[in-house]
Amino acid sequence: MSATARQTAPLPADIRAMKGNAPIVSLTAYTTPMARMMDAHCDFVLVGDSVGMVLHGMPSTLGVTMDMMVLHGQAVARGLDKAMLVIDMPFGSYEEDPRQAMRNASRIMRETGAAAVKLEGGAHMAETIRFLTARGVPVMAHIGLTPQAINTLGGYKVQGRGAGAKHLSEDAQAVADAGAFAVVLEKVPAGLADRITAEIDIPTIGIGASAGCDGQVLVVDDMLGLFTAFKPKFVKRYAQLGTDGEAAIASYAAEVRARTFPAAEHVFADEAPVSGKASGA
């Protein structure tokens, strides 16, 4: 059953209107509990194809499927009331031509209640962005380091240094002109990110870019310390939940082996309490 869109959440036009105003706050989410935790604090929540690496142990985002994005999108939608939902289009779901992109984007929105989709690519994706937005599909663009293109970019390298700066500025202008309501700048030099932010009339969302961007996004498992396989330079750990979680699991295992868990308060009597008021009796 498809998720229900929340009318109280911002719409893409509202996010676009935040250009140059209060910074836009975003995080990724892949599950209902995590979405509930961030709902009151984020302007939009992104179901990123990073789910492949973070939750499914994939070596890159290239193996993520449409079914995975829809499944996680539905889960996140159930946890949101206030934040706008944006969902990544996975590799191979939109690059062929605009009609392929329309079929897959409409499926994502129809089955999840998402307000918008995000796709990677600059000037070469302008035609697709224009096609989608003309047909009622709001698009968030993504330029700079585009993880789905790591095999052609030569890995997870900073983009836009030297001669690449002009090309990236052109990409930003192209997606803005094509109708994207915002653009993610990933792993872009701070000075270049500031120039692009000043040059285009849609919000820039930085991840490894600049505090001068119109907003920021991080992978929530990175900033909470849950994903520890590697740590990009642009990630700030706001908690160490991975370390805390491992310590908790170790304590649990030790207590089970010592037969100190479950204790008396965790088990049930042979007969229900007389009052019948004890929780779970």
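The legends below describe close-up views of a predicted model. Local features require pLDDT of at least 70 and side-chain atom pairs pLDDT 80 or more, whereas totals for chains, interfaces and linings use all residues. Residues are numbered from 1 along each chain as its sequence is written, and side-chain values use heavy atoms, without hydrogens and water.

**View A. The largest nonpolar core.** This core comprises 81 residues, with Phe44 and Leu185 having the most contacts inside it. A nonpolar core is a set of buried (under 20% relative accessible area, 1.4 Å probe, protein chains only) Ala, Val, Leu, Ile, Met, Phe, Trp, Tyr and Cys residues joined through side-chain atoms within 4.5 Å.

**View B. Surroundings of Leu185.** Beyond four places in sequence, Leu185 is in contact (heavy atoms within 4.5 Å) with residues including Ile143, Ala193, Ile196, Ile205, Ile207 and Cys213.

**View C. The largest pocket.** A pocket is an open set of points on a 1 Å grid over the protein atoms alone, where a 1.4 Å probe fits, with protein on both sides within 12 Å along at least five of seven lines; lining residues have an atom within 4 Å of a point. The largest pocket holds about 640 Å³ of space. Its lining has 35 residues, of which Gly206, Gln216, Val217, Leu218 and Phe234 are the closest to the centre.

**View D. The second largest pocket.** The volume here is about 480 Å³, the space filled by probe spheres set on the grid points. Among the 27 lining residues, Ser50, Pro147, Glu186, Ile207 and Val219 are the closest to the centre.

Technical notes:
Buried means under 20% relative accessible area, exposed over 50%, partly exposed in between (1.4 Å probe, protein chains only).
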